[in-house]
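Here are my notes for you on this one. Have the sequence and the 3D view open while you read.

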Amino acid sequence: MKTQLKKGVLEMCVLALLARHDSYAYEIVSTLADGVDMSEGTIYPLMRRLQNDGLVSTYLVESDAGPPRKYYRLEAKGTDALAEMKVEWSGFLEEVNKILEGAAA
């Protein structure tokens, strides 16, 4: 996926994953790695920004296999932001598809 296009949708994808269930950074990266080619170097600054914006919060879960793991939880503000992003994305996708379909004719 092209870098600029990917940057525009990563935040929405992360919020969508957190809407399904709380998760930790490595799990998010693993889930997104195939589809949008996301790396660990990308996730931590993004998660910090989402947390600073009040879209997600964190909590620690003890682990038998190592140090406590930091989980991210979607906050109400994040749920609202995701809903707005989905509407914008759908509208954008519809417009692009119109152009692409017109270009093919």
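How many bridges join E2 to strand E3, and which way do the two run? Six bridges join them, and E2 and E3 (residues 69-74) run antiparallel.

1. Before you go on: this is a predicted model, where local features need pLDDT of at least 70, side-chain atom pairs count only at pLDDT 80 or more, and totals for chains, interfaces and linings use all residues. Residues are numbered from 1 along each chain as its sequence is written, and side-chain values use heavy atoms, with hydrogens and water left out.

2. The protein chain has four helices and three strands. Both are DSSP runs numbered from the N terminus, helices being H or I with at least four residues and strands E with at least two.

3. Two strands pair if DSSP finds at least two bridges between them.

4. Next, look for the tyrosines. Tyr59 stands opposite Tyr71 in E3, and Tyr24, Tyr59 and Tyr71 form one aromatic cluster. Rings of Phe, Tyr and Trp (its six-membered ring) pair if their centres lie within 6.5 Å; planes under 30 degrees apart count as stacked, over 60 as edge-to-face and the rest as tilted. The structure holds three aromatic pairs. One of them is Tyr24 with Tyr71, edge-to-face at 5.3 Å centre to centre, with 75 degrees between the planes. This pair links parts of the chain 47 residues apart. Tyr24 and Tyr71 are both buried (under 20% relative accessible area; exposed is over 50%, partly exposed in between, with a 1.4 Å probe and protein chains only).

5. Trp89 and Phe92 make a tilted pair, because their ring centres are 6.1 Å apart and their planes are at 40 degrees. Trp89 counts as partly exposed at 31% relative accessibility, and so does Phe92 at 47%.

6. Finally, the largest nonpolar core has 24 residues, among which Val14 and Leu15 touch the most other members. Such a core is a set of buried Ala, Val, Leu, Ile, Met, Phe, Trp, Tyr and Cys residues joined through side-chain atoms within 4.5 Å. Helix H1 gives the largest share, seven residues.
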